[in-house]
Amino acid sequence: MSALSTTAESSSDEHRQWLTLVERKKVLAIVHTTAYAKRLLDVLSLLEADFRLQVVFTTPPHVFGDEVPRFLQQLGSPILSWAEATRMTFDLAVAAGPRGVEQVQAPLITLPHGANYLKRLPGASDPGVAGLRRRDLLPGGKPPAAVVVPHHADLQELARHCPEALQLAHVVGDPAHDRITASLPRRAAYRRALGLAEGERLVLAVSTWGPHSFFGRFEMLLPRMVGELPSGRYRTAVLVHPNVWSGHGPWQVKAWLAWCGRLGVSVVPPEADWRSVLVAADYIVGDHGSVTLYGTLTGVPILLTGSPEPEINPSSPAATLAVTAPALSPAHPLPEQLDYAAAEYRPEEYAAIAARITSEPGRFHRNMRRLMYRLMGLGQPAHEPRALPLPEPPTLRTWLSDRGEASA
């Protein structure tokens, strides 16, 4: 039982005797999946060095949540069971997903876990745009304290999909956007850290999750990338959405991709920070997921492996990217297609798409911290919160292996 919990067997006085700092404001991070955890870590970094606060994590039941406890334990995070968390009262809660959050007793901030609102769910029991359905915005029919959106244009989407959420909305920005843009000047350092030689080109294969994702066709497309891209001139890395790892199990995904390491393809593990690898890439070969969209920030050519129209929100920047970036062709050599994508690349077109990710570029940390402290009834720390450049990644050789285990 956590020292922070309150149960019938443990009174408030009994559990407080084990704490050094008492009477702190309690902040709960509600972590459903590894992808959500990564988004929330950027948010929680805004609370660092504030001794007035105690942050704890909880993991609600989720179909893609099996790997979350291990991820949080590696961070050294205090974890409350979901049963404990729903019995307690907190001064603030943050969540990047809606499931079960109405059970938490706290002023709740909800925010997207990816770039904008890209995906429709045509085959779901409750179809609509993920993140914009009534069940997403008003979980369990209970309004949160605040709904964070990245762009002013999203307010029109809220008004159309769930008007009741409009009065709760705050245009705050996008943390991944700001960390990526702050890191662009460090691109050369990331490439050195990854072990790329001068003149060597990094091709990053990016997949979201679901039956229409790039991963659904990996067995056909990845061998082409290995067989057609000359070694010494190209290096290839694979970045697969954490939901693929959670849904099928890490052992199975490693087994499917075991041949990659033997052929020199690095598989980025789901717990790694993908953003520095994205910044270091020379070409992005991806589908309709968030990481491909974030690739528009990096100034490199993008080849799309598919754009399933029923799954793409037509009002999103992903829809514009789908008609801007060239599509991967099965009939032409891959090096020729990469050269074509580079020759046809128009920076202004991709900059316009990237601008639709957030209307508060560089201001997420300022806006989000102001909102959190206001809801907690505290004054903000007397320093400006900034998006810091990303740390350097490990070498690509770390992710070369037979079954996903780091090589020596």
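Contact here means heavy atoms within 4.5 Å. Helices (H or I, at least four residues) and strands (E, at least two) are DSSP runs, numbered from the N terminus. You're looking at a predicted model, where local features need pLDDT of at least 70 and side-chain atom pairs count only at pLDDT 80 or more, while totals for chains, interfaces and linings use all residues. Residues are numbered from 1 along each chain as its sequence is written, and side-chain values use heavy atoms, with hydrogens and water left out.

Start with helix H7, residues 175-183, which is mostly covered, with seven of its nine residues buried (under 20% relative accessible area with a 1.4 Å probe, protein chains only; over 50% would be exposed, and in between partly exposed). Those buried residues are Pro 175, Ala 176, His 177, Asp 178, Arg 179, Ile 180 and Ser 183. What do they pack against? Their partners are H2, H8 (187-194), H13 (274-280), H14, H17 (347-354) and H18 (364-376).

Now for the sheet. Seven strands form an open sheet in the order E3-E2-E1-E4-E5-E6-E7, with parallel pairing; two strands pair if DSSP finds at least two bridges between them. E3 and E7 (169-171) stand at the edges with a single partner strand each, so one side of each is left without a neighbour in the sheet.

Zoom in on E1 (residues 25-30) and E2 (residues 53-58), which pair in the parallel sense over six bridges. Lys 25 stands opposite Leu 53 in E2. To get from E1 to E2, the chain goes through helix H2 (residues 34-44) in a right-handed β-α-β crossover, meaning that, with the strands pointing away from the viewer, the path from the first strand over the helix to the second runs clockwise. Next, E2 pairs with E3 (residues 79-80) in the parallel sense over two bridges, and Phe 57 stands opposite Ile 79 in E3. The crossover from E2 to E3 runs through helix H3 (residues 68-75) and is right-handed.

Last stop: the holes. The structure holds three cavities of 30 Å³ or more. A cavity is a set of points on a 1 Å grid over the protein atoms alone where a 1.4 Å probe fits but cannot get out; lining residues have an atom within 4 Å of a point. Points are joined across faces, edges and corners, and volume is the space filled by probe spheres set on them. The largest cavity holds about 50 Å³, and H15 gives the largest share of its lining, three residues.

Technical notes
On a 1 Å grid over the protein atoms alone, a cavity is a set of points where a 1.4 Å probe fits but cannot get out, and a pocket is an open set with protein on both sides within 12 Å along at least five of seven lines; lining residues have an atom within 4 Å of a point.
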